[in-house]
Amino acid sequence: MRRGTSFVQRERLTVALYDSHRLPDFPYTRASSSFSAVVQLYAQSSQLDTAEVRHRRFRDTPPWCHFGCDAFESVHHIFARCPAFFAIRRAHSMQLCDETSSLLEGGVADRVRKALEGAAQRVFFDDAGLWPQYQTRFYVGVLPTLARIVGNISETEVGVLPPQSHDMGNIASS
Ligand SMILES: [Zn+2]
């Protein structure tokens, strides 16, 4: 059987634009959030069971959001835009901000801390100033590069943080 175009990603991801640091293994192998790794894999390969995917692949459902929005139920819509999940996005955003601030406290220059805290506030939302392709892509397991967030960074600005804390991936997955 010929592989259909329905398996082709609808949203092109230019991987080179995103952070290339390896994420820590723990959240993916031993924590309950390893579920998120499966979701990311499905999202990356256009396998997540959204109405838009079912409509394109099987034609057995309308492509519109199940939660009443006047929008395609795409992966991006569900994770980044659908009002039905706004409270969840907001709660996780606040948690990420708190944990980022806690991790960076006293460890980096003020300029770097403010830039990373500002980025943490915007990770789950579309923001052309943060995301290289203008839209959030956290749900496929990528993050903006550190250079995009803080620009050039010197060793004195990262101060006492351990080496594995120098990238956004460790902050976002902590
Ligand atoms: Zn919706």
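Helices here are DSSP runs of H or I with at least four residues, strands are runs of E with at least two, and both are numbered from the N terminus. With that in hand, read the chain from the N terminus: α-α-α-α-α-α-α-α-α. That comes to nine helices and zero strands.

A word on the source. This is a predicted model, where local features need pLDDT of at least 70 and side-chain atom pairs count only at pLDDT 80 or more, while totals for chains, interfaces and linings use all residues. Residues are numbered from 1 along each chain as its sequence is written, and side-chain values use heavy atoms, with hydrogens and water left out.

Now the chain as a whole. I will call a residue buried under 20% relative accessible area, exposed over 50%, and partly exposed in between, using a 1.4 Å probe and protein chains only. The chain has 174 residues, and 39% of them are buried. It exposes about 10,300 Å² (Shrake-Rupley method, 1.4 Å probe; for residues, only the protein chains shown count as cover). Carbon and sulfur atoms supply 56% of that area.

Next, contacts, meaning heavy atoms within 4.5 Å. Take those between residues at least 6 apart in sequence. Of these, 57% join residues at least 24 apart.

Let me turn to helix α5. It covers residues 86-104, which is 19 residues. From first C-alpha to last it reaches 27 Å, close to the 27 Å expected at 1.5 Å a residue. The expected span is 1.5 Å times one less than the number of residues.

Which residues of α5 are buried? They are Arg-89, Ser-93, Leu-96, Cys-97, Thr-100 and Leu-104. Seen down the axis, the buried residues of α5 fall within an arc of 100°, so they line one face of the helix. That arc is taken from the directions from the helix axis to the C-beta atoms. Just after α5, Gly-106 takes a positive phi of about 75°.

Staying with backbone angles, most residues other than glycine have a negative phi. Two residues here are worth a look. Ser-46 is not a glycine, yet its phi is positive, about 55°. Ser-46 is found in the loop between α2 (34-44) and α3 (51-58). Is Ser-46 buried or exposed? Ser-46 counts as buried, at 7% relative accessibility. Tyr-134, also a residue other than glycine, has a positive phi near 75°. Tyr-134 lies in the loop between α6 and α7, and at 57% relative accessibility it counts as exposed.

On to the aromatic rings. Rings of Phe, Tyr and Trp (its six-membered ring) pair if their centres lie within 6.5 Å; planes under 30 degrees apart count as stacked, over 60 as edge-to-face, and the rest as tilted. How many aromatic pairs does the whole structure hold? The search finds seven. One of them is Trp-64 with Phe-72, a stacked pair at 5.1 Å centre to centre, with 20° between the planes. Trp-64 is partly exposed at 46%, and Phe-72 is partly exposed with a relative accessible area of 46%.

Another pair is Phe-124 with Phe-138, edge-to-face at 4.7 Å centre to centre and 90° between the planes. Phe-124 and Phe-138 both lie in the loop between α6 (110-122) and α7 (146-150), so the pair ties together parts that are 14 residues apart in sequence. Phe-124 and Phe-138 are buried. Together with Phe-79 and Tyr-139, they form one aromatic cluster.

Now Ile-78, in helix α4 (residues 75-81). Ile-78 is buried, with a relative accessible area of 17%. Set aside its neighbours within four places in sequence, and Ile-78 is in contact with Phe-67, Glu-73, Phe-85 and Arg-89. Ile-78 and His-66 are twelve residues apart in sequence and 9.8 Å apart in space, C-alpha to C-alpha.

Ala-16 sits in the segment before α1 (26-29). Ala-16 is exposed, at 74% relative accessibility. Ala-16 and Pro-132 are 116 residues apart in sequence, and 9.9 Å apart in space, C-alpha to C-alpha.

Last, the cysteines. A disulfide is a pair of cysteine sulfur atoms within 2.5 Å, and the structure holds zero of them. Cys-65 is buried at 7%, and Cys-69 counts as buried at 18% relative accessibility.
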